[in-house]
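This report walks a new reader through selected features of one protein model, from individual aromatic residues to the arrangement of strands and helices. Please keep the structure in view while reading.

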Amino acid sequence: MWCRRLTQKATGVLHRRSLNSQAGVLFDVDGVLVRGGSLIPAARRAFRKLLDSNNNFLFPVVFVTNAGSCQRHQKADQLSRLLDVQITPDQVVLSYSPLRMLRSFHEKCVLVSGQGPVTDIANSLGFQKVVTIEQLRQHHPLLDMVDHNRRPSLSSSPLHSLPKIEAIILFGEPVRWETNLQLLVDVLLTNGSPGSAYQPQPSVQLPVLACNMDLMWMAEAPSPRFGHGMFLLCLESIYRKLMGRDLQYQGLLGKPGLLTYQYAEQLLRKQNNNHKLKTIYAVGDNLMTDIYGANLYNRYLAQQHVTMVTSSQVIAQGSGTEAAVAVPEEELACVAAECHSILVCTGVYNPHASLPSNESSSITETVFHGHRDLVLDPDLVEPTHVVEDVEAAVDLMLQKEVADL
């Protein structure tokens, strides 16, 4: 009862200041709000508490998900229907959303891998010359040989030749892993000309941009399912086995990368009439994605008060890769003072498992589910708060914001 009265008090006080909030909220989706296509019961209760009497959000709210097989308006429609709250596309960040900031690639011919409307997604982000895995397979019918019943028939008339591939974009896990792995390796080892023989040691590797590093994600099954991070692990292993060196990424996008959080903060500030936010709350269910990313961003924000970080350093710090992508500095303005990570127990995180800690000397690759290029730092997987579900997370935020008034 005390908690309910405090929440009602918080809602009343925050209603008077909601036009220019001091706080913004980033919500993960899978494992926090939904599992598969089913709404987690606490989600709708939580969002009722986040609305004022006019059904406006008390805080700026953005949904940050590593999903990448749909467009923003489709995800916004799905969330609106499930939560019974009006969500706009400008409140949604998908794993690939920051690609629109990487304009230096927009004029290149890119090969896209994933599922869903990948061509439409790429076009909406600014990419004009897009080739899909299926198009590549049709133009080069001798490349995809695993499924004998699915081999493309040889065309009686020659197809229009495809342009040379200049970069690769990995949107998310494909349906047919063997086809995508084979053709991606073909493109990489021929420097963008898969109809030719492999080059023994290409002097320069094609740029690769990968979205969504999640090794696993939570659906309706009792245990987590393979995510795009697992597909990347397969591709990296094949490349290293064949080439004797690591596959290099020009950029790793989606959580836990810094660029995704910077882009999300831009959207929060727009909702806040471009006024400064003091605190960002990031709610998620995955230690290696949501918590790692929020804590990494909090560390970055703290550094911002000491020294300016250039755009090239931003991606290197976020992805762990040496390669960097030039991003206009005006796109990377971030002014929040801190980012608090809130871990919920309704998704990937198992509350019965122990959290990694600095005192543990046995943390090895066998328990580190982050991407290869992420630095294993136990501090980054230590959540600011651990709560039962998203409703408890909202109660916590409301209480803290009232206490800070």
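## A buried phenylalanine and its partner

Phe57 has a relative accessibility of 14%, and because buried means under 20% relative accessible area, Phe57 counts as buried. This value, like the others in this report, comes from a predicted model. Phe47, at 0% relative accessibility, counts as buried as well.

A search of the whole structure finds eight aromatic pairs. One of them joins Phe47 and Phe57 in an edge-to-face arrangement, with 6.2 Å from centre to centre and 80 degrees between the planes. Phe47 lies in helix α2, while Phe57 lies in the loop between α2 and β4 (61–64), so the pair ties together parts that are ten residues apart in sequence. Ring pairs also link these residues into a cluster made up of Phe27, Phe47, Phe57 and Phe63.

## An aromatic pair between distant parts of the chain

Tyr96 and Phe171 form an aromatic pair that is edge-to-face, with 5.6 Å between the ring centres and 85 degrees between the planes. This pair links distant parts of the chain, since Tyr96 sits in the loop between β5 (92–93) and β6 (109–113), whereas Phe171 sits in the loop between β8 (167–170) and α6 (177–189), 75 residues apart.

Are these two residues, Tyr96 and Phe171, buried or exposed? Tyr96 is buried, with a relative accessible area of 3%, and Phe171 is buried too, with a relative accessible area of 1%.

On the side of α2, Ala43, Arg44 and Phe47 take part in the contact, and they meet Arg81, Leu82 and Leu83 in α3. The residues of this contact divide into four nonpolar, no polar and two charged.

## The six-stranded sheet

In what order do the strands of the open sheet follow one another? The six strands are arranged as β5-β4-β1-β13-β14-β15, with parallel pairing. β5 and β15 stand at the edges, each with a single partner strand, so one side of each is left without a neighbour in the sheet. Strands of a sheet pair through backbone hydrogen bonds, either parallel or antiparallel.

Strand β1 (residues 23–27) pairs with β4 in the parallel sense over three bridges, and Leu26 has Val62 in β4 as its bridge partner. Helix α9 (residues 287–304) packs on the sheet, where α9 touches β13 and β14, and its direction makes about 165 degrees with that of β14.

## Strand β14 and its neighbours

Strand β14 (residues 338–344) is mostly covered, with six of its seven residues buried. Strand β13 (residues 279–284) runs parallel to β14 and is joined to it by six bridges, while the pairing of β14 with strand β15 (residues 385–387), again in the parallel sense, extends over three bridges.

Terms used. Residues numbered from 1 in each chain as written. Predicted model: local features only at pLDDT ≥ 70, side-chain atom pairs only at ≥ 80, totals over all residues. Heavy atoms only, no water. Buried < 20%, exposed > 50% of the residue type's maximum accessible area, 1.4 Å probe, protein only. Helix = DSSP H or I, 4+ residues; strand = E, 2+ residues; numbered from the N terminus. Pairing = 2+ DSSP bridges. Contact = heavy atoms within 4.5 Å. Nonpolar A, V, L, I, M, F, W, Y, C, P; charged D, E, K, R; others polar. Phe/Tyr/Trp six-rings, centres within 6.5 Å; stacked < 30°, edge-to-face > 60°. Axes fitted to C-alpha atoms, helices over the stretch in contact; angles between N-to-C directions.
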